[in-house]
Amino acid sequence: MRLLISPSLRHVTVLPGNGVREFIKVKVRARRVSYRMLFYSLLFFTFILRFVFLLSTADTIDAETKCSTLGCLGKRLGPRILRRRLDSAVPEVIYQVLEQPLDNDELKGRDDIPQTLEEFMDEVKNNIFDAKAFALKLREMVTLLEQRTRNAKIQEYLYRHVASSSIPKQLLCLALRLAHEHSTNAAARRQLPLPELVPALVDNSYFHFVLASDNVLAASVVANSLFQNALRPEKFVLHIITDRKTYSPMQAWFSLHPLSPAIIEVKALHHFDWFAKGKVPVLEAMEKDLRVRSRFRGGSSAIVESSTDKPHIIAAKLQTLGPKYNSVMNHIRIHLPELFPSLNKVVFLDDDIVAQTDLSPLWDIDMNGKVNGAVETCRGQDKFVMSKRLKNYLNFSHPLIAKNFNPNECAWAYGMNIFDLEAWRKTNISITYHHWVEENLKSGLSLWQLGTLPPGLIAFHGHVHVIDPFWHMLGLGYQENTSLADAETAGVIHFNGRAKPWLDIAFPQLRPLWAKYINSSDKFITGCHIRTS
């Protein structure tokens, strides 16, 4: 039989030989099979024979790896072919060795473990390793490097904790000099504000700002930035709340550095009638909180000695020991309605913010009956800072949290908040706040671990009015990804995080935004060697 195919592949001619022709005729008639069908069948079987030949040849080549050709092909195309589990090309012994736990004590005192990838490759090249020996050496090297990386991270977190928790000698110098000035200079003890301006403290036609701080330098930057950028500074009133030990230095600074025509009031907590009456819930909660944290944390030494916690968990635990989270200045905002019973609306500022524009338009924002005007922290270009939801602050593995809140609900930020005190007094926000603080203490800090924001997220739940992110840019103390150009476009920038601008660990490219509001020629600044650049 001869098979003739035209060059165009459109015509096929079958010329069978004698004898065979008769046979074909009989079969074709019996089975009704055309020559064309027969031809296509022959082509199909020819293709199959060639494919089988190729597979058998490839199987011979792959014999040493014990990998069937279909299996090797499947590894490229997908996890399964023909419902058959594909075998790995990596020898099983390597998996077995790498999956075995390695005790850290086994590596102590060892000097035969490669320290770098280059040393590892040299040892592999110079020695005849089978798969098991290769895996053992690799596991030892990787484990050793993991240990060193973990220890380095923990040391970094510890040093940052110490740097952010300690009082710089320059700030201590400033406080001591001002306290001395307060005791020796009558001008440093001047009443703030002047008697003729006292009625403005309860006049709701003014723009009232509240700042709680025990840091004189930080408070001065907030005040300078607030008033220098104000279009009508004569209508601005800044209420500064501080503690007993900082009152004298704070009063001395603002007495000697008046910011007229703006109005400044400096009061210590013990000067408030409400605070002096009976028990203050926030102080009781702080005392219990300190006892619980001491029992469950054991101090920074106990935290860093943990061999099971991951570095970021250790960092979070160290952060709970920071003075910020144990300062009454950080907790007092929940009592604003009691501290300022005559005011209807205030803007509360943290002492690590800088105002870069006039903030009086904040009073024009319609709060729609809400209590807290705040910026959300789950939307924005900065995915590190602006990706926070309730699950980032509350422990949703605890049933009490899980059944009451949505983990994916957007969080909001403290630092620059508009508080409608009139609407606040009609709610039970403060009671809710203290209730959940007590629940957290009873649970051994298992509902949340850090600061006042978690209970604030709970207490103000349903009472928050979202404002434009322009009014509050966060994260300048967490990471240096924020560019100077972006930061300069914000109305308020917030150095929340460890890298406060008055510390040596501040990010150098962002610090000038804060330092430019310090008078470098001031005698107290120069006398204490405070950097302004």
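Predicted model: local features only at pLDDT ≥ 70, side-chain atom pairs only at ≥ 80, totals over all residues.

User: Where do C173 and C528 sit in the chain?

Analyst: C173 is in helix α7, which covers residues 169-184, and C528 is in the segment after α22. The two are 355 residues apart, so this pair links distant parts of the chain.

User: And are those two cysteines buried or exposed?

Analyst: They come out differently by the cut-offs. C528 has a relative accessible area of 4%, and because buried means under 20%, C528 is buried. C173 has 22%, so C173 counts as partly exposed.

User: What about the C378 and C410 pair, where are those?

Analyst: C378 is in the loop between β10 and α16, while C410 is in the loop between α16 and β11. They are 32 residues apart, and this pair too links distant parts of the chain.

User: Buried or exposed, for C378 and C410?

Analyst: C378 is at 10% relative accessibility, so C378 counts as buried. C410 is at 13%, so C410 counts as buried as well.

User: Which hand do the links have?

Analyst: The link of C173 and C528 is left-handed, with -75° about the S-S bond. The link of C378 and C410 is left-handed too, with -110° about the S-S bond.

User: Switching topic. I keep looking at strand β6. Is β6 enclosed or open, and why?

Analyst: Strand β6 (residues 236-242) is largely enclosed by the rest of the structure, because seven of its seven residues are buried.

User: Which way do the residues of β6 point?

Analyst: F236, L238, I240 and T242 point one way, and V237, H239 and I241 point the other way. Residues on both sides of β6 are buried.

User: So what does β6 pair with?

Analyst: Strand β5 (residues 207-212) is joined to β6 by six bridges, and those two run parallel. Six bridges also join β6 to strand β7 (residues 263-268), again in parallel.

User: How does the chain cross from β6 to β7?

Analyst: The chain goes through helix α9 (residues 244-256), and this β-α-β crossover is right-handed. There's also a right-handed β-α-β unit made of β5, helix α8 (residues 216-228) and β6.

User: Which residues of α6 are buried?

Analyst: Among them are A135, M141, L144, I154 and L158. The buried set also includes K137, R139 and E140.

User: Speaking of those letters, how many salt bridges does the structure hold?

Analyst: Six salt bridges. One of them is formed by K500 with D352, where the closest N and O atoms are 2.4 Å apart. K500 is in the loop between β13 and α21, D352 is in the loop between β8 and β9, and they are 148 residues apart.

User: Are K500 and D352 buried or exposed?

Analyst: K500 is at 12% relative accessibility, so K500 counts as buried. D352 is at 3%, so D352 counts as buried too.

User: What about E376 and R379, how do they meet?

Analyst: Their side chains meet in a salt bridge, at 2.3 Å from N to O. E376 is partly exposed at 21%, and R379 counts as exposed at 52%.

User: One more: which parts does the D504 and R531 pair tie together?

Analyst: D504 and R531 meet in a salt bridge at 4.0 Å, N to O. D504 lies in the loop between β13 and α21 and R531 in the segment after α22, so the pair ties together parts that are 27 residues apart in sequence. D504 counts as exposed at 66%, and R531 as partly exposed at 41%.

Definitions and conventions: Residues numbered from 1 in each chain as written. Heavy atoms only, no water. Disulfide = S-S within 2.5 Å. Helix = DSSP H or I, 4+ residues; strand = E, 2+ residues; numbered from the N terminus. Buried < 20%, exposed > 50% of the residue type's maximum accessible area, 1.4 Å probe, protein only. Pairing = 2+ DSSP bridges. Right-handed = clockwise from strand over helix to strand, strands pointing away.
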